[in-house]
Amino acid sequence: FIEELSAETYGLNDKTKSYNTAGIVASSNKLAQDASLSEIMSALQKTYCETIAYEFEHVMSPAVKQWFAEFVESTDSQGAVWRKERFHELLVRAEVFEHFLQKKLPSVKRYGIEGSESIVVLLDQLVFEAAQYGVTDIVAGLSHRGRLGILTSLFEYPKDEVLRKLRGGSEFSDGSPHTGDMVVDLAKSATLNYPGIDSPINVDILCNACHLDSGMPIGMGKSRTKDINIARAKNNQNHTIGDHVLPVSLHGDSSFAGQGIVAESLGMSGLTHFTNGGTVHVIINNQVGYTTPASHTRTTRYASDIAKFVDIPIIHVNGDHPEELARAARTAVAYRQKFRKDVVIDVWTFRKRGHNELDEPSFTQPAMYKRINSRKSIPAMYEDKLIESGELTREKADKVRKQWLESLNIAFADSFSCNPVDPTRPPGWSKLGAPHEYPTEEATGVNTNELSNIGVKSVTTSESVTVHPRIERFHIKPRLKKLQEGAGLDWATAEALAFGSLLTEGYNVRLSGQDVGRGTFSQRHAMLVCQETEKVYVPLNHMNADSQEQRMGKLEVVNSNLCEGAVVGFEYGVSVEDPFTLAIWEAQFGDFYNNSQTMFDGYIVSGETKWGQQNGLVLLLPHGFDGGGPDHSSCRLERHLQLSNDPVDGHTDAMPNIYVTYPTTPAQFFHLLRRQVKRNFRKPLIVAAPKTMLRLASATSALNEMSPGTCFKPVLDDPTTRDPHSVKRVMVVSGKLYYDLAKLKNENPLGEHVAIVRVEELTPFPRRELFHVLSRYDNATDFVWVQEEPRNAGAYAFAAPRIKSMLPQHATLRYVGRSEHAATCSGVETQQAAEHVQLTTEAFDGLRGLVADLVIDSIATQHEKQHDKPASVISASVSHRWASRAVYAAHSSDH
């Protein structure tokens, strides 16, 4: 008994009394204008209290509540014409497929759809309904549960390829470089055609990692980007986000309630730069999570309750009734198209077997599985209903089952010899290639006059915008002065020049993250806020094209909500969908990326290897030990390098999966950003981004360092070295520590005998470039890797074996830096400062002895010349054999 649904609760005791139904029941309902309480109660109970129910009273908007009530009450009374034969066929396909697999491959885990077969009807109706509104594309994120049944029965994934995968084969063609994924993560785009609808519907099925619901924000980013690109291609001037693309996301009941990524994604679903016009969320609610009952998986009544905090209406529907699922789909799509917001369909079903087919569910849910095992299947129940009503004959039903079973048997036989067809490359990606070997660095410089013009425009505002006086004094005027001088350009200026030059070439730039408009360190000011009106002005979006034919790109500055996982996933979706948008995510501090570790591990760095899905996402992770403490100092370079498949011994020229860089000059940063979209392939780029270097006077660049013919350099030689033959110690360093060492070298009377070499790109490790630089120092006997990170962190563990492999015989690589540390660094500023002094001092210890060796070498050489005989003292440098490293030496002349 629910008090809220009892008339007596509201003092309504006379069921024969008549009431004016206006405002009580939708006017389009078949009820008379005056109806008895009993008739009104009957109508409302039929709409809200049978096999489908709705929750929308929690929504704040009166317009939404009114629309929802009128829509469901009126459509419920009108009756609906459903595609019942289509529903039956889909249900039969799903059921027969599961039975077939249970018989042929009983020991293979498939996480089947048995007990939830009506989900296939729901998805089909969603696509069908969306097509009625002119939607041309669906972006579908599927769950593990029922994925194979959905793919084969609805989305026409080749059955022989599915069976090949289930038997242990690859989903890719023979000889493919891709390693594939679990069988329950299969994905291949589909095209659906419906009678009466002229255009086919494209279904883009997301590749997703096994982390539950992690694909949710990726689908959001992908669908938004796809929708915008379709509108641009059609030159749709009246475009509203969601006109062309409908995102659909499937979830399990326990994961929807339990996974934090769900709340993060829902929380940003209505934000200006993240909305995709509304996602239809479908919860496959089989009322148990693995072995855990619902009472232990959430504290709320319904699995869908998390959606209420963002005013999302919810439709609950009994999965035993396929036509009610179709009704739910119709309502959900109508709402989404009307309001362009998310909606949830909570489908109450059951799970016929355990979490997978090898589990025994009655170990933990004995009562539930007694009931499940004693009931008919959903397809069988629906089939009986149609036969009883005369809408289907037994002969036709048997024929459908027989034909599908025959096709599965044929596919099973074919699976032993089939060679899968690799997924087609999405639009836009066909213009790019897949890299098979290390590329040559192409020039990414730009005409300096053009750059200077872009730099001026990057800080030019309209007359209606009042800029904060401090921004005018410390940001705009200094930038204009440095541009005029052509020197001393800082990082923010170089970034603006990279963005602006790409915009003039037609590329779009999307910069996302917390506080990116201003910049965490108040360095960027890519968006200026009027001090009178708070109107936001993005100067780079107000550059004029040089001609009518020139298409200007757009800079989208996205101050994101305060989360990392969902936002990184969203930007990954943007990058996967559009290779010609420079998609960038910037962390407030590099340390904070670890809240999105799933996105890095499961998607960004491994997506191409697993699925053949390239992405060009740029991740700016501010890094550096400057007193910020253990959670504001490190982007965890060691972790990103560990994720690289760059071979330690350099035995192959195959391209690694990611680029990890630690640039030390604004010009290098400029070239990195431009290179990312100018190449004919895409790889994710992780940048250990500057903090203190942003305003470091010595860490600036001249305009001509970005001029035509210039490019990014993976290795930077010591610019202060006068005589390479006098160098006895070579320090190899990456990042901002270079400037501290360079300052000490300049102050050291023996500094001329030291060379400080910067590795700007850590992976792919620049073996040839580094060998070319190191081999210049043919008298060097002491090679040192210096870093500010602890020994068990930073780049040392990754770089050391690669550097050692290219050093001369008898040479070793010493380590100078902090010792191993459990935390990133000390949180005590004085201790951190003392450690820094110690390690930088140690880097120059012992120089006098090395120089003495050099003097002895020189004397020995002179003695040899004077007496025309070998010297009695053989220097270590003479025994070096740089040429023995043929794999590097053979190519050194190229650089």
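What follows is a chat about the fold, a sheet, some helices and a few side chains.

Visitor: What kind of model is it, and how are residues numbered?
Guide: It is a predicted model, in which local features need pLDDT of at least 70 and side-chain atom pairs count only at pLDDT 80 or more, while totals for chains, interfaces and linings use all residues. Residues are numbered from 1 along each chain as its sequence is written, and side-chain values use heavy atoms, with hydrogens and water left out.

Visitor: How many helices and strands does the protein have?
Guide: The protein has 27 helices and 26 strands. These are DSSP runs numbered from the N terminus: H or I of at least four residues for helices, E of at least two for strands.

Visitor: What box do the C-alpha atoms fill, and what share of residues is buried?
Guide: Along the principal axes, the C-alpha atoms fill a box of roughly 125 × 70 × 55 Å. Of the 895 residues, 57% count as buried. Buried means under 20% relative accessible area, exposed means over 50%, and partly exposed is in between, with a 1.4 Å probe and protein chains only.

Visitor: What is the strand order in the open sheet of eight strands?
Guide: The order is S3-S11-S12-S8-S7-S4-S6-S5, and the pairing is mixed. Two strands pair if DSSP finds at least two bridges between them.

Visitor: Which strands stand at the edges?
Guide: Strand S3 (52-55) and strand S5 (190-192) do; each has a single partner strand, so one side of each lacks a neighbour in the sheet. From one strand to the next the twist averages 20°. Axes here are lines fitted to C-alpha atoms, for helices over the stretch in contact, and angles run from 0 to 180 degrees between N-to-C directions.

Visitor: And how do S7 and S8 run, parallel or antiparallel?
Guide: Strand S7 (residues 245-252) and strand S8 (residues 280-285) run parallel, joined by five bridges. Histidine 251 stands opposite isoleucine 283 in S8.

Visitor: Which strands does H4 touch?
Guide: Helix H4 (residues 118-132) packs on the sheet and touches strand S4 (137-141), S5, strand S6 (201-205), S7, S8 and strand S12 (343-348). The direction of H4 makes about 165° with that of S7. Contact means heavy atoms within 4.5 Å.

Visitor: New topic. At what angle do H12 and H13 cross?
Guide: Helix H12 (residues 378-388) and helix H13 (residues 394-414) cross at roughly 150°, and their axes come within 10 Å. H12 and H13 are therefore roughly antiparallel; the cut-offs are under 35 degrees for roughly parallel, over 145 for roughly antiparallel, 65 to 115 for roughly perpendicular, and oblique for the rest.

Visitor: Which residues meet there?
Guide: Pro379, Ala380, Glu383, Asp384 and Ile387 in H12 meet Arg394, Ala397 and Arg401 in H13.

Visitor: Is S23 buried or exposed?
Guide: Six of the six residues of strand S23 (residues 754-759) are buried, so S23 is largely enclosed by the rest of the structure. Val754, Ile756 and Arg758 point one way, and Ala755, Val757 and Val759 point the other way.

Visitor: How many bridges pair S23 with S21 and with S22?
Guide: Strand S21 (residues 715-716) and S23 pair in the antiparallel sense over two bridges, with leucine 716 bridging to arginine 758. Strand S22 (residues 729-733) and S23 pair in the parallel sense over five bridges, and arginine 729 stands opposite valine 754.

Visitor: Which ring does arginine 758 lie over?
Guide: Arginine 758 lies over the face of tyrosine 738, at 3.7 Å from the ring centre. The charged end of arginine 510 sits over the ring of phenylalanine 274, 5.3 Å from its centre. The rule is NZ of Lys or CZ of Arg within 6 Å of the ring centre and within 35 degrees of the ring normal.

Visitor: How many aromatic pairs are there?
Guide: The count comes to 24 aromatic pairs. One of these is phenylalanine 412 with phenylalanine 416, edge-to-face at 5.5 Å centre to centre and 85° between the planes. Rings of Phe, Tyr and Trp (its six-membered ring) pair if their centres lie within 6.5 Å; planes under 30 degrees apart are stacked, over 60 edge-to-face and the rest tilted.

Visitor: Are those two buried or exposed?
Guide: Phenylalanine 412 counts as buried at 15% relative accessibility, and phenylalanine 416 as exposed at 54%.
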